[in-house]
Amino acid sequence: MKFVPTLHNLSNGTTVILDPMDIETVSIKIYFRTGSRDETPDIYGITHFCEHMLVKGTKKFPSRKDLKDYIESKGGVFNASTSNISLQLYGRIVAENINDLLLVFSDMLQNSLFDENKIEIERGVILDELRRGQGNNSRKFNDFIDTNLLGFSAYRTLGSDKNIKFFTRVQLLNWLHARLSAKNCVIGISGRIDDKTTLLNTLESLFNFLPHQDVSINREYKYTPMCKFLAEPSLKNVWVNILFPYIRLDTYDNMYPNLAELKFRKYLVQELNEVVRQQNGLVYGLRMTGYGDEYNGIRAIDTETSSSNIEQAIALIAKTSYRIYNHDKISELVLQRFYNNNKLLDADFLETATRRCDILVGHYADYEKLYNFQQIQEIDKSITVEDVIKYSCGFFDGPMSIMTFGANFDADLKQIWIDNFK
């Protein structure tokens with residue numbers, strides 16, 4: 001499958017990425033670099049509320065049902081989402097009807113009604129979404145970590161009960177108009193593109209309404225290391241995150257060292273699963289995850305186990321981590337296996353329009369560079385054992401945190417780590 005995306009700019013400055021594929025559909029993403037991190041506590045949840053209202057009806061399609069029926073009749077689907085860093089509209093449609101989906105997205109961004117009655121209805125929906133989030137144990141743990149280690153409010157994306165109840169139509173529209181700009185917008189299209197020139201002209205006519213205004217981004221980041229436990233008596237297991245700050249910023253210039261470090265993390269997780277799960281049966285699974293934003297953050301060894309096993313599990317994780325970090329370093333054989341395995345992931349990427357669109361848009365939003373698949377492949381192939389060792393140096397040197405959630409236990413996990421990381 002060929003991969004020759006091209007980068008374009010509309011006259012107002014909107015970035016467009018076109019990614020032709022030999023398939024019968026197109027995937028579209030409209031991405032704005034604004035999210036819940038840009039909100040202040042008195043308006044936490046406002047971007048998310050706006051996202052809900054964008055799909056509740058326009059002048060041309062007065063209800064969500066009208067929008068949905070129209071796009072489905074054209075062989076398509078659509079949705080919207082909000083995150084810490086973005087507001088997105090996205091969808092997929094048969095290629096001959098691409099203009100219909102683009103028209104609907106343009107209409108949503110320009111002419112959404114923000115009808116007072118529907119705002120009141122949506123309050124109840126979002127409050128229910130908030131309650132569901134507060135009752136979700138995985139979300140509870142993530143919020144616990146964000147709030148304590150990074151100083152983020154647990155209510156930052158969904159909003160607080162108070163904020164959701166008191167947002168007004170004027171507030172919502174003013175926020176949306178202030179945050180949507182050609183300067184922070186990336187439009188990605190992957191799939192069957194018959195005529196790029198015609199498509200660009202269509203995009204020009206549909207999205208030239210976006211203003212060319214500066215939109216600030218909040219990059220405030222603070223990591224406060226600690227060891228803290230949140231009890232949840234209903235759980236039989238203890239969820240554990242052992243966390244360390246990024247070695248270096250996730251910037252374009254740091255791509256090579258960060259990809260080399262990724263090999264170390266993959267090898268570490270592989271060995272931890274072998275020892276802690278396969279050989280000792282203490283956990284169901286173990287993974288590496290992270291918190292923060294696209295520039296700064298913390299890496300976490302993430303697992304769960306019973307309170308009776310937690311001391312042994314932490315001790316084994318520490319011993320194995322020390323061994324992999326200092327002695328049994330990654331080998332050429334393992335590196336080659338990772339490279340061969342990545343060929344399957346590469347095929348998944350090349351063969352899936354939605355995945356290509358997501359990565360192209362996300363990469364540009366993060367780095368303001370067009371994603372170069374061939375370059376990434378070459379980097380991946382060129383990474384040596386010496387590179388992995390060099391660029392993973394310092395992984396465990398930063399201030400450690402251990403965050404736990406669930407069943408009660410009686411153990412000093414930090415001391416267990418210190419005693420066994422040797």
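Begin at the second largest pocket, which has a volume of about 410 Å³. Here a pocket is an open set of points on a 1 Å grid over the protein atoms alone, where a 1.4 Å probe fits, with protein on both sides within 12 Å along at least five of seven lines; lining residues have an atom within 4 Å of a point. This is a predicted model, in which local features need pLDDT of at least 70, side-chain atom pairs count only at pLDDT 80 or more, and totals for linings use all residues. Residues are numbered from 1 along each chain as its sequence is written.

Select Asn84, Asn142, Asp143, Asp146 and Thr157, the closest to the centre among the 17 residues lining the second largest pocket. Helix H5 (137-150) and strand E9 (286-292) each give two or more residues to this lining.

Next, select Leu259, Leu262, Ile359, Tyr371 and Ile376, which lie nearest the centre of the largest pocket, within a lining of 35 residues. The volume of the largest pocket is about 1,200 Å³. Helix H9 (255-279), H11, H12 and helix H13 (373-382) are the elements giving two or more residues to its lining.

Finally, display helix H11 (residues 332-351) and helix H12 (residues 353-367), whose axes come within 5 Å and cross at roughly 95 degrees. H11 is therefore roughly perpendicular to H12, a term for angles of 65 to 115 degrees. At their contact (heavy atoms within 4.5 Å), Asp348, Phe349, Leu350 and Glu351 in H11 meet Ala353, Arg355, Arg356 and Ile359 in H12.

Conventions:
Side-chain values use heavy atoms; hydrogens and water are left out. Axes are lines fitted to C-alpha atoms, for helices over the stretch in contact, and angles run from 0 to 180 degrees between N-to-C directions. Helices (H or I, at least four residues) and strands (E, at least two) are DSSP runs, numbered from the N terminus. Angles under 35 degrees count as roughly parallel, over 145 as roughly antiparallel, 65 to 115 as roughly perpendicular and the rest as oblique. Grid points are joined across faces, edges and corners, and a volume is the space filled by probe spheres set on the points.
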